[in-house]
Amino acid sequence: QVQLVESGGGLVQAGGSLRLSCAASGRSCSSNVMGWFRQAPGKEREFVAAITRRGGTTYYADSVKGRFTISRDNAKNTVYMQMNGLNPEDTAVYYCASARNPRGIATAFSYDYWGQGTQVTVSS
């Protein structure tokens, strides 16, 4: 019922920045927790960041805390993630996800809808 489309990925140099966007269509995601996950080649999908329904609380993986910022604009049905100080370890496909009632906010299985992903590549 919900379609999520990520954009904003690309190739950047180490230390650079990117801003990812996740646009939702169909049912509004304003009532859902939104999260970002990433998956590097040959590795499992891992939690990056999440934001509560009204944007009052955010969660981050330790590896990105202080560098990434998740936000949402419910009027536009859009979730963002500003990524600063990127390093090669951040290279991955980044996925936007939506959860109605996640048991664990950092658990991929808790999320009901997923986007197709956007590639982020950070060169040394």
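**Exercise 1. Describe the polar contacts of R38 and state whether R38 is buried or exposed.**

Solution. The side chain of R38 makes a polar contact with the side chain of Y94 at 2.9 Å, where a polar contact is a pair of N or O atoms within 3.5 Å, of which, within protein, one must be able to donate a hydrogen and the other to accept it, and residues adjacent in sequence count only if both atoms are side-chain atoms. A polar contact also joins the side chain of R38 to the side chain of D90, again with a value of 2.9 Å. The model is predicted, so that local features need pLDDT of at least 70 and side-chain atom pairs count only at pLDDT 80 or more, while totals for chains, interfaces and linings use all residues. Residues are numbered from 1 along each chain as its sequence is written, and side-chain values use heavy atoms, with hydrogens and water left out.

Finally, with neighbours within four places in sequence left aside, the contacts of R38 (heavy atoms within 4.5 Å) include E44, E46, V48, S63, F68, D90 and Y94.

**Exercise 2. Which residues have the most contacts inside the largest nonpolar core, and which elements give two or more residues to this core?**

Solution. A nonpolar core is a set of buried Ala, Val, Leu, Ile, Met, Phe, Trp, Tyr and Cys residues joined through side-chain atoms within 4.5 Å. The largest such core has 35 residues, and W36, M81, M83 and Y94 are those with the most contacts inside it. The elements that give two or more residues to this core are strands 1 (2-7), 3 (18-26), 4 (33-39), 5 (46-51), 7 (68-73), 8 (78-83), 9 (92-99) and 11 (118-123). As for Y94, its contacts beyond four places in sequence include W36, R38, M81 and M83, as well as T118 and V120.

**Exercise 3. In what order do the strands of the four-stranded open sheet stand, and which bridge partners can be traced across it?**

Solution. The order is 1-3-8-7, and the pairing is antiparallel; two strands pair if DSSP finds at least two bridges between them. Strand 1 and strand 7 stand at the edges, each with a single partner strand, so one side of each is left without a neighbour in the sheet. From one strand to the next the twist averages 15°.

Strand 1 is joined to strand 3 by six bridges, with S21 in strand 3 as the partner of S7 and C22 in strand 3 as the partner of E6. Strand 3 and strand 8 also pair over six bridges, and here the partner of C22 is V79 in strand 8.

**Exercise 4. Which residues are linked by ring pairs into a cluster, and how are the pairs of F37 arranged?**

Solution. Rings of Phe, Tyr and Trp (its six-membered ring) pair if their centres lie within 6.5 Å, with planes under 30 degrees apart counted as stacked, over 60 as edge-to-face and the rest as tilted. By this rule there are four aromatic pairs. The ring centres of F37 and Y111 are 5.1 Å apart and the planes stand at 80°, so this pair is edge-to-face. It links F37 in strand 4 with Y111 in the loop between strand 9 and strand 10 (113-114), 74 residues apart.

F37 is buried, with a relative accessible area of 1%, and Y111 counts as buried at 5% relative accessibility. F37 and W114 form a tilted pair, 5.1 Å centre to centre with 55° between the planes. F37 lies in strand 4 and W114 in strand 10, so this pair ties together parts that are 77 residues apart in sequence. W114 is partly exposed, with a relative accessible area of 28%. The cluster linked by ring pairs consists of F37, F47, Y111 and W114.

Terms used:
Buried means under 20% relative accessible area, exposed over 50%, partly exposed in between (1.4 Å probe, protein chains only). Axes are lines fitted to C-alpha atoms, for helices over the stretch in contact, and angles run from 0 to 180 degrees between N-to-C directions.
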